[in-house]
Amino acid sequence: MANSTDFFSPFITKSITAEYRGMNYIEYADGGIEMYISFQTLLRFISENLNLISNGEGIVSIDWESDKPFYALSCHISTDLTKCYLYNEQLKIEDGANPSTDFATFHPFNFFRDSNLTDINKNLLINANVPKGQAQNFAYPQIGNINYIYLNTGYLSQVIADGLDKENKITLRNFLQTVCNDINRALGGINDFQVVINPDKTPNVLTIIDVNQNRIKGLTKVYANNQSYTLIQAQGIGSDNNTQGSFVRSLSAQSQVTPEIASAISIGAQANGNQLGEEATSFSRLSRGLTDRIYPDKIISTQPTGSQTIQERFPINLTAFQNLVNNLQGPLTPNSAKVNLKMSDEDNDGPSITDLFKAIVGEFTEKNQSNPTFIPIKLDVELLGISGIKIFQQFELSSDVLPLSYQNDFNFIITGITHEITTHKWITKLATLTYLKEKDLTAAEKAKIKPIQVLDLDLSSLTPTGVCKTYKLGSNYLNPAYNIALTQLNDSFKAWDITFGKNYVLTEKDGLCAKGVLNTAVNFKNYKKGETLYTKGNLVQAGGDAKSSAYANRLKLGGWTEQLVGEGLTKAQIQSEINKITYNVGDILVYVSEDSGGDDGKFGHTQIYVGSKSPSQWSSDVKDNYGVSFVYGNTTKYPSQCYSLYLYRVPNF
């Protein structure tokens with residue numbers, strides 16, 4: 001029997017790559033190293049290794065791949081690093097670039113594969129009226145991805161140990177919900193992560209959602225494919241009176257006021273919705289215009305008034321937040337996973353920053369940057385049998401069913417469906433909850449928004465770096481190279497001899513790869529057509545470096561066809577893809593680092609295939625392309641974690 005190390009090694013090897021970015025570590029100032037895995041990796045591990053199987057299929061399918069939005073702040077970080085870590089790229093905190101180049105960096109918490117969700121974040125930034133170039137110092141609403149909340153592995157071990165029953169077993173759902181509850185607290189208490197199971201699919205699908213995602217402006221439009229229709233029409237309502245009926249047998253409605261909501265309502269009845277560590281702005285707005293006849297003025301002497309700014313009300317909290325961000329930036333040296341924070345530091349203490357986060361959310365709600373919360377109504381509907389209704393679909397009610405304050409603002413969303421079928425009847429029962437309708441900000445409302453400054457960071461001295469893209473391969477770059485005429489091949493070789501002969505075009509100087517490759521390529525084409533060759537002192541301008549669009553456009557104007565080979569490729573993967581491709585003489589590669597601020601990220605590299613004319617089979621600004629087919633293979637000089645690679649196919653001249 002293989003040992004556990006052999007069993008899990010392939011999973012770990014896969015998880016740390018640029019494709020998943022599922023695992024990495026941080027070294028703290030007191031010498032301790034903490035390992036973190038993404039929530040996506042945890043769910044994937046459960047799905048692939050622990051899920052129960054029946055007849056070859058999982059009894060419950062674990063959703064570990066899809067994007068899972070949660071309500072977030074642009075300045076969001078974890079307030080308890082013993083539980084989880086959020087990589088906030090905007091704040092330039094620790095990204096997981098470390099001496100072990102096997103580990104790909106952390107994914108930013110607001111990274112999405114779905115471009116629609118990315119666009120929502122862009123719109124939220126625009127609406128926040130943040131000063132240009134100062135986004136890192138201001139708070140505004142954003143969407144995070146639950147997949148890229150990184151969980152402390154030591155903490156996960158403790159949850160498992162604490163959750164074991166007398167038979168040393170643990171319930172999967174209870175384990176995940178415990179993790180969700182602790183993440184709620186670590187991220188400032190502004191979320192409500194829940195483990196849910198969709199019974200509408202076979203097998204049932206388990207996933208994680210943030211119930212508070214309803215605060216996100218524009219999110220419902222992304223999921224507009226959900227059908228919305230009027231399901232309930234009470235008898236006698238309609239333009240032709242008494243002619244319309246309903247196939248609804250019964251309705252049962254009740255509000256769901258949890259202890260937490262009750263506390264928020266109580267606090268919201270005061271003048272200030274952000275008191276006692278609760279964000280109750282939504283309920284405070286409901287109380288406007290009402291006066292308590294017994295205690296008309298309720299003032300808590302130790303609590304600042306709501307008319308003050310965030311800076312005036314929370315100076316101590318802002319200082320703690322600034323210190324935590326500064327320490328998480330760590331030593332500003334490449335390939336160091338060490339931060340200036342100790343695990344025991346007071347700054348790594350959630351409560352003070354939690355109050356700040358809740359106050360910020362209250363400000364967003366007050367200014368309509370975030371949707372308000374509401375008291376949910378649970379509606380159970382019994383219908384004559386009907387098919388085709390699906391979970392998460394939305395519907396409206398006729399105006400006589402909802403309370404006046406809920407009309408025109410809410411739809412219902414289906415959370416459960418059951419069918420009762422007997423020999424003489426078919427009954428369909430729906431469980432539903434109120435769902436807030438999306439309302440866009442007016443131009444006047446947008447103009448009134450004042451950004452909230454929470455930090456004072458000067459990042460101008462930091463070398464700009466990018467973020468690794470999601471691993472992706474193109475679809476047709478491995479197609480066999482088409483046949484070029486033998487005369488074109490021979491003419492290309494002759495042109496190469498002239499290009500690098502005594503009147504060589506190139507100076508064999510490092511840093512001119514785009515100019516060198518373009519002139520070599522043009523000479524291949526011109527020699528075939530009997531046109532003038534470019535020689536030293538008479539060069540075609542590349543228009544920019546290897547990664548520039550100007551250089552790419554010059555290649556495409558010359559007839560070269562662009563094909564994406566891949567994105568998010570590690571060094572090993574990019575070398576593997578380069579070796580797989582079948583080339584014609586004259587084919588061109590361009591590759592560029594996605595996460596480096598060095599030459600490999602700023603400029604990239606390009607090279608042209610010359611076959612037997614070069615020992616490496618490639619030329620660039622020097623004959624032999626520095627003697628290799630991938631010039632950024634030196635890990636010490638080029639520590640990048642990931643690259644993009646493009647192939648430009650030579651045309652038949």
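Modeller: Before we begin, helices here are DSSP runs of H or I with at least four residues, numbered from the N terminus. The model is a predicted one.

Biologist: Which residue just after α15 takes a positive phi?

Modeller: That residue is G559, with a phi of about 110°.

Biologist: Which residues of α15 are buried?

Modeller: Helix α15 spans residues 549–557, and its buried residues are Y551, A552 and L555. They lie on the same side of α15, because the arc they cover around the axis is only 100°.

Biologist: What does the face turned away from the buried side carry?

Modeller: That face of α15 carries S549 and L557, which are exposed.

Biologist: And what do the buried residues of α15 pack against?

Modeller: They pack against helix α14 (513–529) and against strands β21 (561–569), β22, β23 and β25 (643–649).

Biologist: What is the strand order in the open sheet of six strands?

Modeller: The order is β20-β21-β25-β22-β23-β24, and the pairing is antiparallel. Strands β20 (472–473) and β24 (618–619) stand at the edges with a single partner strand each, so one side of each has no neighbour in the sheet.

Biologist: How many bridges join β22 and β23?

Modeller: Four bridges link β22 (residues 588–593) with β23 (residues 605–609). Within this pair, V590 stands opposite T606 of β23.

Biologist: Changing topic, which residues form the nonpolar patch on the surface?

Modeller: The patch consists of I160, L164 and I170, with about 210 Å² of accessible area together. L164 belongs to the loop between α4 (153–163) and α5 (172–186).

Definitions and conventions:
Residues numbered from 1 in each chain as written. Predicted model: local features only at pLDDT ≥ 70, side-chain atom pairs only at ≥ 80, totals over all residues. Heavy atoms only, no water. Pairing = 2+ DSSP bridges. Helix = DSSP H or I, 4+ residues; strand = E, 2+ residues; numbered from the N terminus. Patch = residues over 30% accessible without salt bridge, like charges linked within 9 Å, V, L, I, M, F, W, Y side chains within 5 Å. Areas by Shrake-Rupley, 256 points an atom, 1.4 Å probe, with all protein chains shown as cover. Salt bridge = Lys/Arg side-chain N within 4 Å of Asp/Glu carboxyl O. Buried < 20%, exposed > 50% of the residue type's maximum accessible area, 1.4 Å probe, protein only. Arc of directions from axis to C-beta. Contact = heavy atoms within 4.5 Å.
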